[in-house]
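This report covers aromatic ring pairs first, then the strand arrangement and whole-chain values.

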Amino acid sequence: MADSKLASFLISIVFFYFAVLSTVKSSALVQEIKQQSQEQDREPFVGVNIGTDVSNLLSPTELVSSLQMQKISHIRLYDANPDILKALAKTKIRVIISVPNNQLLAIGSSNTTAASWIGRNVVAYYPETLITGIAVGDEVLTTVPSSAPLLLPAIQSLYSALVAANLHTQIKVSTPHAASIILDTFPPSQAFFNQSLTSVMVPLLQFLSRTGSPLMMNLYPYYVFMENKGVVPLDNSLFKPLTPSKEMVDPNTLLHYTNVLDAMVDAAYVSMKNLNVTDVVVLVTESGWPSKGDSKEPYATIDNADTYNSNLIKHVLDHSGTPLHPEITSSVYLYELFNEDLRSPPVSEANWGLFYSNSTPVYLLHVAGSGTFLANDTTNQTYCIAMDGVDSKTLQAALDWACGPGRANCSEIQPGESCYQPNNVKSHASYAFDSYYQKEGKASGSCDFKGVAMITTTDPSHGSCIFPGSKKVSNKTRTVVNSTEVSGAAERLKFNTFHSSQIIATTMAFCILLSIPFVTAR
């Protein structure tokens, strides 16, 4: 009987040991993630939006690998895709998830539905997946105004569910707004929220103030420029350096504005101040510039998109602040990661992306010196090749131009030379395109050929055929090295966390085991 009691006691000790170990490990992981998240998010950052109206979208695993390779540490999803959230686990990539507009009614009408949504989309993944925010709807007040009365109840219900899960300090809840909710944006000192929205904006801003959440704004200088051509100069919209005479001056504050985005951000701050809210920061949840448009969108070009996004990244990472609030630099999520080719017209709608769906860049951002974010521009391993799906006649015309007026070196694609095989127009065009692209110093616009060429970071060399841009070091090799480094870091973190927590649990269990002789003696 005594042996049976002892055996039962030992079994309970074993269970206790693993329970303590699991609890301590989980607690240590949560605390480390909290600390790292708080430290990193004190600094302004540039993230990216990930839309999914894309044919042949990368798998979640491939998507996350691409994000890691590009050193992208903050993303925003337009839903709460479970496969992507799973793939993000233990990567330290921070993600804002979203409640689509069509779910507002259910969540805004039922606390139970809100709690279920948090359990299914947040608690199930956090903290392994670093969910940092919830965007409730998108531009609700301007796109679906009939849902406006449901917006704040939905936000409050989700926040209450986060409180119940003790996650309300780590995960912020807000809603992205269109810039059009603010009227008279220039000069910023005269800006104010559309007064028809006051009944929604006042309690919403009070909630944001009370919970330490940001005012999410989708701000597009591109549209400001297009709607005010002749009034707003292109250079001001693109963050280009300006002479003092070209700077926009607010006549009420005498503050000088060198770019449109800063004026839009300050207009938001002034509008909040007019409603007696001064402690809510602006988070720019969308901003970007399209790289291609139709005949009515002549300023949607690769050069302008490159200029805007490159300068925007530098502006944020340089802690530039705004004229009204130089001490505060708003973080920005670029719109967007991929060209969403399934989008409806106009043409620009499908061409806001930094990358094509296969993760090759649409253009190379010029952000050298701004850290490792979007590292695709800091590598010399870029090439220009023919796009898939282009008809042979069009490719042949581009090939003829490259080898003729373009003065590309096409000697290697002549019969008997190393790049003659495979003998087809696509392969020959790719070699000629890359020769021209490299000859032009990879200048912006030198890999286009009337839309039949694209930039890639994968070396197209094959066999004895070495492309002009090749340094005989494939991008795949570097990708594997980067992935290994990321995995290694994760494993070191995992080991360290386990090691320290195991010591605590082992010590507690050992102390209890020491008491066994005294228990059995009695």
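How many aromatic pairs does a search of the whole structure find? The search finds 19 aromatic pairs. Rings of Phe, Tyr and Trp (its six-membered ring) pair if their centres lie within 6.5 Å; planes under 30 degrees apart count as stacked, over 60 as edge-to-face and the rest as tilted.

The model is predicted: local features need pLDDT of at least 70, side-chain atom pairs count only at pLDDT 80 or more, and totals for chains, interfaces and linings use all residues. Residues are numbered from 1 along each chain as its sequence is written, and side-chain values use heavy atoms, with hydrogens and water left out.

Two of the pairs are tabulated here.

| Pair | Centre to centre | Angle between planes | Class |
|---|---|---|---|
| Y223 and W352 | 5.8 Å | 45° | tilted |
| W289 and Y308 | 5.6 Å | 35° | tilted |

Helices (H or I, at least four residues) and strands (E, at least two) are DSSP runs, numbered from the N terminus. Y223 is partly exposed, because its relative accessibility is 32%, whereas W352 has 1% and counts as buried. Buried means under 20% relative accessible area, exposed over 50%, and partly exposed in between (1.4 Å probe, protein chains only).

For the other pair, W289 is in the loop between β12 (282-287) and α12 (302-317), and Y308 is in helix α12, 19 residues apart. W289 is buried at a relative accessible area of 0%, and Y308 is buried at 0% relative accessibility.

Turning to the strands, an open sheet is formed by nine of them in the order β5-β4-β3-β2-β1-β13-β12-β9-β6, with parallel pairing. Two strands pair if DSSP finds at least two bridges between them. At the edges, β5 (172-174) and β6 (176-178) each pair on one side only. Three bridges connect β6 with β9 (residues 215-218), and the two run parallel; H177 has M217 in β9 as its bridge partner.

The chain as a whole contains 16 helices and 15 strands. Of its 522 residues, 47% are buried. Among contacts (heavy atoms within 4.5 Å) with a separation of 6 or more, 71% involve residues 24 or more positions apart.
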